[in-house]
Amino acid sequence: MSDIHYDVDGSIIRARFTKPWSDKFAGELLKLKIYRINMSRKLKDFVYNLDYNYDKYGRAKCHPADKFDIEFGKKLARKRLVTKYNRMRYLFFKELDNYLASCRNI
């Protein structure tokens, strides 16, 4: 993935997206045309505060007894970063589903 940047500090590798999470996720919402619906205040706050509420790094740390392998560390850090991002997306769409269900009940 070319949109991921890696920082190596000793035996710790941190992976992060080159764009902020809010920009990346807003781009996904634009592709899905979700910007056209009137979102609740909670959903708007969710999107606007992404960069503050979520840890933006995937970290991999080598145990002192193990041999340091930068490529394995990068893969592990990337996997943890993508897992965090996907969890955030899941929480947003779960909240969106609840909001749309409440709109149908009106």
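1. A salt bridge is counted when a side-chain nitrogen of Lys or Arg lies within 4 Å of a carboxyl oxygen of Asp or Glu. This is a predicted model, in which local features need pLDDT of at least 70 and side-chain atom pairs count only at pLDDT 80 or more, while totals for chains, interfaces and linings use all residues. Residues are numbered from 1 along each chain as its sequence is written, and side-chain values use heavy atoms, with hydrogens and water left out.

2. The structure holds three salt bridges, and one of them joins Glu-28 to Arg-89, with the closest N and O atoms 2.8 Å apart. This pair links distant parts of the chain, since Glu-28 sits in helix H1 (residues 21-31) and Arg-89 in helix H4 (residues 70-104), 61 residues apart; helices here are DSSP runs of H or I with at least four residues, and strands are runs of E with at least two, numbered from the N terminus.

3. Asp-7, Arg-14 and Arg-16 are linked in a network of salt bridges. The closest N and O atoms are 4.0 Å apart between Asp-7 and Arg-14, and 3.8 Å apart between Arg-16 and Asp-7. Asp-7 is partly exposed at 25% relative accessible area, a term for values between buried (under 20%) and exposed (over 50%), with a 1.4 Å probe and protein chains only.

4. Three strands form an open antiparallel sheet in the order S1-S2-S3, where two strands pair if DSSP finds at least two bridges between them. Strand S2 (residues 12-17) is joined to S3 by four bridges, and Ala-15 has Gly-58 in S3 as its bridge partner.
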